[in-house]
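Let's take a walk through this structure together, one piece at a time. Have the sequence and the 3D view open, and follow along as we go.

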Amino acid sequence: MSSDPWGRVDETGTVYVRTADGEKVVGSWQAGSPEEALAYFERKYEGLVVEIGLLERRVKTTDLSAKDAMTAIAHLRQQVDEHHAVGDLDALAKRLDKLVETVESRREERKAQKAKQTDETRRAKEALVAEAEELAQSEQWRAAGERLRSLVDTWKGLPRLDRKSDDELWHRFSHARSAFSKRRKAHFAALDAQREEARRTKERLVAEAESLSNSTDWGATAARYRELMAEWKAAGRAQREHEDDLWNRFRGAQDVFFAARGAVFAERDAEQAENLKLKEELAAEAEKLVPVTDLKAARAAFRAINERWEAVGHVPRDARPKVEGRMHAVERALQEAEEAEWRRTNPEARARAAGLTGQLQDAVDKLRKQIDTARAAGNDAKADKLTRELEGRQALLDQALKGLEEFGG
């Protein structure tokens with residue numbers, strides 16, 4: 001019989017291991033000496049020690065899952081419990097028990113870590129959803145579109161939540177993106193429609209502008225071009241590929257018209273400058289008729305000057321009031337001379353003036369007598385009142401006498 005501190009072999013070849021619960025049969029050995037039997041089962045024990053050591057390191061240093069770790073522990077515990085090895089099996093059982101505690105602790109840590117990560121992921125995805133829903137109402141089409149694409153990339157980089165929560169948040173996120181895309185498509189569709197309408201409008205304006213480019217109705221055509229320009233601005237922009245070409249045609253038609261008008265106006269301005277010089281000379285000639293000494297001769301001379309004036313033609317608009325004003329001043333002087341002559345030679349007017357003068361003279365004489373009477377009676381107040389009335393009548397009489405003098409008598 002042979003033995004060591006943890007096992008023995010009896011005379012029948014039965015191998016035993018010593019445990020806290022007493023000896024346990026390990027197996028039977030008939031192939032060799034008892035020492036070989038113990039050595040064989042001790043090697044099996046050392047194999048268990050190595051396997052447990054490896055599992056301990058894996059649990060501590062790798063991301064071995066708790067499930068896989070517990071499966072490995074159960075497999076090793078079965079081997080320890082079956083007592084097919086000689087050695088300190090109780091120590092191995094204790095190491096396995098401690099390893100179970102370590103795995104359970106790691107399981108709780110990972111569970112807490114996973115819960116924290118899930119909470120962080122949920123908050124991150126809720127923030128993405130909230131921002132996406134806000135961006136869905138934006139009209140900053142380019143910036144908002146780019147930001148939404150960035151949010152999708154961020155979403156893809158986040159872990160998944162439980163299926164129900166993840167699906168609900170994704171539905172809101174996807175709906176926000178779809179709503180923005182729908183609004184953007186509607187906006188650009190409306191914009192395309194507006195630009196197409198602008199293109200049609202501008203083509204019509206270009207056609208009319210080109211039809212007017214050879215017009216010589218300078219005033220009306222220039223006014224119409226101003227109206228066409230206002231309509232052009234109000235039409236909005238056409239598609240980019242049409243806008244520049246339409247504008248070049250529109251502007252080119254205007255340039256043709258205004259260049260022609262400019263050439264004509266330059267020639268006209270030179271002609272009108274010469275006309276102004278002639279009219280200034282005629283105005284100076286007419287001004288020599290004033291003051292009027294011989295009305296008949298002055299009138300005949302003015303008519304002759306005026307006929308030459310009318311034959312001259314237009315002058316620059318800004319110079320017209322001044323030069324025409326000089327002729328009008330001479331004409332007014334002639335009219336005033338005619339009126340004075342008429343008043344002087346009109347018998348009826350002379351008779352009326354003489355009658356008015358006589359009436360005023362009688363009134364003045366009467367007032368003087370009344371004043372003398374009042375003074376003699378000592379009634380100074382009445383005399384003063386009559387004196388003031390006399391002053392007014394005397395002034396009228398003086399004016400009447402002056403007018404009567406104009407009639408020559």
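In this predicted model, helix α1 (residues 34-61) packs with helix α2 (residues 66-81) at an angle of about 165 degrees, and their axes are 11 Å apart. Angles over 145 degrees count as roughly antiparallel, and α1 and α2 are therefore roughly antiparallel to each other. Their crossing is left-handed. If you want to find where they touch, look on the α1 side for L48, E51, I52, L55 and V59, which meet A69, A72, I73, L76, Q79 and V80 of α2. Sorted by class, this contact has nine nonpolar residues, one polar and one charged.

Stay with α1 for a moment, as α3 also packs with it. The axes of α1 and α3 come within 11 Å and cross at roughly 15 degrees. Angles under 35 degrees count as roughly parallel, so α1 and α3 are roughly parallel to each other. Here, too, the crossing is left-handed. From α1 the contact takes in Y45, L48, V49, I52, G53, L55, E56, V59 and K60, while α3 brings L89, L92, R95, L96, L99, T102, V103 and R106. Among the residues of this contact, eleven are nonpolar, two polar and four charged.

Now slide along to another helix pair. Helix α3 covers residues 89-135 and helix α5 covers residues 163-212, and their axes come within 8 Å, crossing at roughly 20 degrees. The cut-off for roughly parallel is again under 35 degrees, and α3 and α5 are therefore roughly parallel to each other. The crossing of this pair is left-handed. On the α3 side you'll find R122, K125, E126, L128, V129, A132, E133 and L135, and across from them S165, D166, L169, R172, F173, A176 and F180 of α5.

Setting aside its neighbours within four places in sequence, K125 is in contact with W155, L158, P159, R160, L161, D166 and L169. D166 and L169 are among the α5 residues in the contact with α3.

Let's finish with the strands. Strand β2 (residues 7-9) pairs with β3 in the antiparallel sense, over three bridges. The hairpin of β2 and β3 has four residues between the strands, and in this hairpin G13 takes a positive phi near 90 degrees. Strand β3 (residues 14-19) also pairs with strand β4 (residues 22-28), antiparallel over six bridges. Two residues make up the hairpin link from β3 to β4, and T19 has G22 in β4 as its bridge partner. Y16 is a handy landmark in β3: it is the bridge partner of R8, and its own partner in β4 is V25. How much of β3 is buried? Five of its six residues are, so β3 is largely enclosed by the rest of the structure.

Methods
Residues are numbered from 1 along each chain as its sequence is written. This is a predicted model: local features need pLDDT of at least 70, side-chain atom pairs count only at pLDDT 80 or more; totals for chains, interfaces and linings use all residues. Side-chain values use heavy atoms; hydrogens and water are left out. Axes are lines fitted to C-alpha atoms, for helices over the stretch in contact, and angles run from 0 to 180 degrees between N-to-C directions. Angles under 35 degrees count as roughly parallel, over 145 as roughly antiparallel, 65 to 115 as roughly perpendicular and the rest as oblique. A crossing is left-handed if the near helix is turned anticlockwise from the far one by less than a right angle, and right-handed if clockwise. Contact means heavy atoms within 4.5 Å. Two strands pair if DSSP finds at least two bridges between them. Buried means under 20% relative accessible area, exposed over 50%, partly exposed in between (1.4 Å probe, protein chains only). Ala, Val, Leu, Ile, Met, Phe, Trp, Tyr, Cys and Pro count as nonpolar, Asp, Glu, Lys and Arg as charged, and the others, Gly among them, as polar.
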